[in-house]
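Visitor: I am new to this structure and would like to learn how to read it. Please show it to me and take me through its features.

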Amino acid sequence: MYRFMSMFACVMLVLLLPASCVDAGLMELISSYDDPLMTSLDLAFLLVTHGYNAIPEDGCVVVVAGNSTYTLVPNGDRPGLADISGSKSSSLTFN
């Protein structure tokens with residue numbers, strides 16, 4: 001029984017690790033509203049008006065927040081505005 005619970009806890013930590021790395025304000029914004037008709041352009045506009053560096057690209061939105069780059073995909077009928085499909089470290093240099 002304890003072996004199952006410890007294995008379950010480890011699996012949950014692995015699954016929740018990517019979500020914990022996402023900017024908290026960004027997660028709150030995209031999970032606070034629902035809009036099944038939102039396009040990637042609409043999502044990018046919303047994010048820019050809330051102070052995020054967002055660029056619509058091929059049906060998704062690329063957001064640079066801090067040292068990370070996130071790809072958001074509008075999720076249509078599902079709850080929230082978008083799904084975060086991935087995040088990675090970014091080494092941006094500004095000249």
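**Reading the chain**

Guide: From the N terminus on, the elements of the chain run α-α-α-β-β-β-β. Helices (H or I, at least four residues) and strands (E, at least two) are DSSP runs, numbered from the N terminus. This is a predicted model, in which local features need pLDDT of at least 70 and side-chain atom pairs count only at pLDDT 80 or more, while totals for chains, interfaces and linings use all residues. Residues are numbered from 1 along each chain as its sequence is written, and side-chain values use heavy atoms, with hydrogens and water left out.

Visitor: What is the mean pLDDT of the chain?

Guide: pLDDT is the predictor's confidence in each residue, from 0 to 100. For this chain the mean is 76, and 65% of the residues reach 70 or more.

Visitor: Which residues of α3 are buried?

Guide: Buried means under 20% relative accessible area, exposed over 50%, and partly exposed in between (1.4 Å probe, protein chains only). In α3 the buried residues are S40, L43, A44, L46 and L47. Seen down the axis of α3, these buried residues fall within an arc of 160°, so they line one face of the helix. The arc is that of the directions from the helix axis to the C-beta atoms. After α3 comes G51, whose phi is positive, near 95°.

Visitor: Where is L26, and is it buried or exposed?

Guide: L26 lies in helix α2 (residues 24-32). With a relative accessible area of 0%, L26 is buried. Leaving aside neighbours within four places in sequence, L26 is in contact with L47, Y52, V63, Y70 and L72. The C-alpha atoms of L26 and I84 are separated by 10.0 Å, and the two residues are 58 apart along the chain.

Visitor: How do I read the strands?

Guide: Two strands pair if DSSP finds at least two bridges between them. Strand β1 (residues 53-57) and β2 run antiparallel, joined by five bridges. Within this pair, N53 has V64 in β2 as its bridge partner, and P56 has V61. Five bridges also join β2 to strand β3 (residues 68-74), again antiparallel. There, V62 stands opposite T71 in β3.

Visitor: Why is β2 described as largely enclosed?

Guide: Five of the six residues of strand β2 (residues 60-65) are buried, so β2 is largely enclosed by the rest of the structure.

Visitor: How many salt bridges does the count come to?

Guide: A salt bridge is a side-chain nitrogen of Lys or Arg within 4 Å of a carboxyl oxygen of Asp or Glu. By this rule the count comes to one. D83 forms a salt bridge with R78, and the closest N and O atoms are 2.4 Å apart. D83 is partly exposed, with a relative accessible area of 32%, and R78 is partly exposed at 47%.

Visitor: How much of the chain is buried?

Guide: Of the 95 residues of the chain, 28% count as buried.

Methods:
Contact = heavy atoms within 4.5 Å.
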